[in-house]
Amino acid sequence: MIGKMLKELIQFSWILFIFIMCAGVLYHSNMYPHHYDMWPSRGTGALYWRLWKIMSLPYWQIYGELFLDDLKGENNSNGSCTFIQSEWESDPSIERCVESDWAIMIIAAIYMLISNLLLVNLVIALFSYRFEEVQDNSDRLWKFWRYSIISDYSKRFPIPLNVPLHIFDVIRTLYRRKRASCKDASYKDYHKKCINGTCLPFDLLIDIQSKHAARCLFEEKNEKNP
């Protein structure tokens, strides 16, 4: 059951990833307009790529972390960011301050409405359907195996009373095989005919009869038309 749920979650993650990337790009373009340095390469690693900034905010919003202070730019006054372009371009460790925009809150409201109310509940509905399906199948499977075990043990005898029964089963199996081989031999003999003491297969006899009949018709026709 868990494996099937994980498989469905992986398939659904592609849809969720598209929504996260779309919301993240809209957030970033309005919070940091005209930000061209998306892939810093001045001796910095992948830690300072803007891709993580784009994905992190909408991703954690799915779990209820709204980041309203960051979206409104209220954290600009704590001294951890700067508006000077030359500073945050020269040092990727310095964060750029958020430029407040009314469109950011509208984007956040629409994204939270779609992600939390639609996508998350859709995943829950998929998991509920899968759980009910597995539960139904497991109940049927349990009943089937229960019937198999009961029917199996209803025909068994406890040890050592089952030893004579095993001997009887072996004798009965050998007898049935012998009887089947005799029937097969008699069936083959039934399809043989004897002509002048020589036994021929039934198929060969039919072929000879058809050829003899054709020869007789040919001779009779020649006698009528000399």
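The questions and answers below concern this model.

User: How many helices and strands does the protein chain have?

Analyst: The model is predicted. From the N terminus on, the elements run α-α-α-β-α-β-α-α-β-β-α. The secondary structure comes to seven helices and four strands.

User: What percentage of the residues in the protein chain is buried?

Analyst: A residue counts as buried under 20% relative accessible area. The protein chain has 226 residues, and the buried share of them is 20%.

User: Which class of aromatic pair do tyrosine 27 and tyrosine 111 form?

Analyst: Five aromatic pairs are counted in the model. For tyrosine 27 and tyrosine 111, the centres are 6.4 Å apart and the angle between the planes is 80°. Planes over 60 degrees apart count as edge-to-face, so the 80° pair of tyrosine 27 and tyrosine 111 is edge-to-face.

User: Which helices does the pair of tyrosine 27 and tyrosine 111 link?

Analyst: The two residues are 84 positions apart, and the pair links distant parts of the chain. Both tyrosine 27 and tyrosine 111 are buried. Tyrosine 27 belongs to residues 2-31 and tyrosine 111 to residues 102-154, which are helix α1 and helix α5.

User: Are tyrosine 59 and tryptophan 60 buried, partly exposed or exposed?

Analyst: These two residues form an edge-to-face pair, with 5.1 Å centre to centre and 75° between the planes. Tyr59, Trp60 and Tyr63 form one aromatic cluster. The relative accessibility is 32% for tyrosine 59 and 44% for tryptophan 60.

User: Is isoleucine 10 buried or exposed?

Analyst: Isoleucine 10 is in helix α1. Together with Trp14, Phe17 and Ile18, Ile10 makes a nonpolar surface patch of about 480 Å². Its relative accessibility is 55%, and the cut-off is over 50%, so isoleucine 10 counts as exposed.

User: How much space lies in the largest cavity?

Analyst: A search of the whole structure for cavities of 30 Å³ or more finds one. The space in the largest cavity is about 50 Å³.

User: Which elements each supply at least two residues of the lining of the largest cavity?

Analyst: The lining includes Gly24, Tyr27, His28 and Met31. Also among the lining residues are Lys53, Ile54, Leu57 and Pro58. Helix α1 spans residues 2-31, and α2 spans 50-61. The elements that each supply at least two lining residues are α1 and α2.

How values were computed: Residues numbered from 1 in each chain as written. Predicted model: local features only at pLDDT ≥ 70, side-chain atom pairs only at ≥ 80, totals over all residues. Heavy atoms only, no water. Phe/Tyr/Trp six-rings, centres within 6.5 Å; stacked < 30°, edge-to-face > 60°. Buried < 20%, exposed > 50% of the residue type's maximum accessible area, 1.4 Å probe, protein only. Patch = residues over 30% accessible without salt bridge, like charges linked within 9 Å, V, L, I, M, F, W, Y side chains within 5 Å. Areas by Shrake-Rupley, 256 points an atom, 1.4 Å probe, with all protein chains shown as cover. Salt bridge = Lys/Arg side-chain N within 4 Å of Asp/Glu carboxyl O. 1 Å grid on protein atoms, 1.4 Å probe; cavity = no way out; pocket = protein on both sides within 12 Å on 5 of 7 lines; lining within 4 Å. Points joined across faces, edges and corners; volume = space filled by probe spheres on them.
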